[in-house]
Amino acid sequence: MNDIRFATPDITKAEVDNIGKAAETRWLTNGPIVREFEQKIAKICNASRAVAFDSCTAAMEMALRVLGIGPGDEVITTPYTYSATAEVIRNVGATIVFVDLDGKTFEMDYEKVAAAITEKTKAVMPVDIGGKLCDYYSLLSAVASKRDIFTPSNELQKAIGRVAVVADAAHSFGASSYNAKSGEWADFTCFSFHVLKNITTGGEGGALVWKDFPHFDNEKMEETLRLLGDHGQTSRDKSKGWEYDIALFGYNSIMTNIDAAMGVAQLDRLDEIESKRREVTERFDALFANVAEATPLIKHFGEDYQSAMHLYPVRLNLPEGAESGRDKVYHALREVGVPCNVHYKPLPMMTAYKEIGFDIADYPNAYEMFKNLLTIPYHTELTEEQQRYIVDAIVKAVREV
C-alpha cells in the first residue's frame with residue numbers, strides 16, 4: 001500500500017474557485033481578501049482583530065518586536081519544539097531560556113517556568129504541540145506569581161503588567177479548552193497556515209491575534225504590526241499623489257490576496273475539516289487501544305477540551321535502547337509504504353544550539369519524550385483500510401526489532 005501520504009492538505013473545488021476569483025481581480029498582493037481572512041480569523045478566535053503574515057514565524061517575531069523585546073531581555077520557551085519558536089527570540093536579540101518538560105506531557109514544567117523567571121524575563125512562549133492547548137491556567141498562574149519582580153520597559157509591557165505570554169499556536173488553530181478558543185488564552189497567539197496544517201493558505205501563511213489590553217491603544221498596535229510586516233511603509237495618500245513614508249524599519253512578511261483566498265475557503269469549511277479529522281482520530285484511538293506495541297501520546301479530546309488534531313505521535317514500546325530501535329522501525333515502515341516522522345528532536349541536540357551552550361543533558365524529560373517517538377500519517381484523506389494497515393505495520397515492525 002504505497003499511496004499513503006504522511007500529510008496532505010484538504011483542498012476542494014471551493015479553494016480552487018476562490019483562488020481563481022482572486023486572480024481575476026488582478027490584485028494579487030496584500031489587499032481586501034487578506035482583510036476578509038483576518039476578520040474571519042478574529043471572529044473564530046473571539047478576538048477583536050487579527051493581522052495576517054506570510055508565516056507563523058513572522059507572527060511570533062512581530063509579537064516580540066511590538067512588545068519591545070530585545071538585547072538584555074530573556075524569553076522562556078520549551079526545548080521541545082521546531083527551531084522557529086526559539087530562533088525568533090534570538091532574531092530580536094533576546095536570550096533564549098529553555099525550561100524542561102514536565103515528564104508526563106509535551107508541556108513545560110510550569111513550576112520550573114516560575115522559577116526561571118527573573119527581572120530580565122519579558123515573555124514566555126508556550127507551544128501547543130500536536131494541536132492540544134497547553135494548560136494555560138497553570139502557565140498564567142506561574143507568570144502571575146512573579147508579577148512583583150516584573151519591570152516594564154514600554155507602555156505595552158506596562159499595560160500587561162507581568163511577563164507576556166506569546167503562544168506558538170502553529171498547531172492549534174480551532175482548538176479549545178474550558179470553553180475558550182485558541183487565541184483567547186495567551187496575550188498574543190501566533191498561528192500557522194503552512195501547507196500541512198489543518199487550515200492552510202497555500203505553501204505558507206500565519207496570523208497574530210491578541211487581547212485588548214486596558215489603557216492601551218490597541219488600534220495603534222494593529223497599525224504598528226501591519227507596518228512591521230510591510231517594510232514600515234505607510235499607505236499612499238491618493239490626495240497627495242505618489243507620496244508615502246517609511247514610518248519604521250520593518251520586514252517583508254505580508255500575506256497575499258491569493259494566499260488569503262485559499263484561507264477564506266478553508267475557514268468556510270472549518271467545521272467540515274474538523275469533523276473529518278475527528279473521524280480519523282477516533283479510528284486511530286480505537287485501533288491503538290488494542291495493541292501493546294505503541295501508545296498514542298496525545299489525547300485529542302477530553303471533557304473540557306478539543307484539540308486541533310494536527311499530529312498523531314506514538315511511543316514505540318521497545319526494549320531499552322534509546323533511538324536505535326525507533327530508527328529501525330522508522331526504516332521498516334518506510335519500506336512498506338508508511339511514511340513517518342519525528343516531532344521533534346529537542347533543540348539542545350541541534351548543532352546551532354549546542355554551539356551557543358545548550359546541552360540536552362540539562363533537559364532529561366525532553367530527551368525521554370523524544371526517545372522512541374514516531375509521528376505517523378494523519379490527515380483527512382486516510383481511509384479506514386489505510387489506518388489499519390499503518391497500525392498493523394507498526395505492530396509488526398516493533399515486534400521484529
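Guide: Buried means a relative accessible area under 20%, exposed means over 50%, and partly exposed lies in between, with a 1.4 Å probe and protein chains only. This is a predicted model, in which local features need pLDDT of at least 70 and side-chain atom pairs count only at pLDDT 80 or more, while totals for chains, interfaces and linings use all residues. Residues are numbered from 1 along each chain as its sequence is written, and side-chain values use heavy atoms, with hydrogens and water left out.

A salt bridge is a side-chain nitrogen of Lys or Arg within 4 Å of a carboxyl oxygen of Asp or Glu, and the structure holds 20 of them. One of these joins Arg-226 to Glu-38, with 2.8 Å between the closest N and O atoms. Because Arg-226 lies in helix H8 (residues 218-229) and Glu-38 in helix H2 (residues 32-44), the pair ties together parts that are 188 residues apart in sequence; helices here are DSSP runs of H or I with at least four residues, strands are runs of E with at least two, and both are numbered from the N terminus. Arg-226 is partly exposed at 25% relative accessible area, whereas Glu-38 is buried at 4%.

Another salt bridge links Lys-371 with Glu-368, at 3.2 Å from N to O. Here Lys-371 is buried, with a relative accessibility of 11%, while Glu-368 is partly exposed at 41%. Elsewhere, salt bridges with shared partners connect Asp-10, Glu-15, Arg-269, Glu-272 and Lys-276 into one network.
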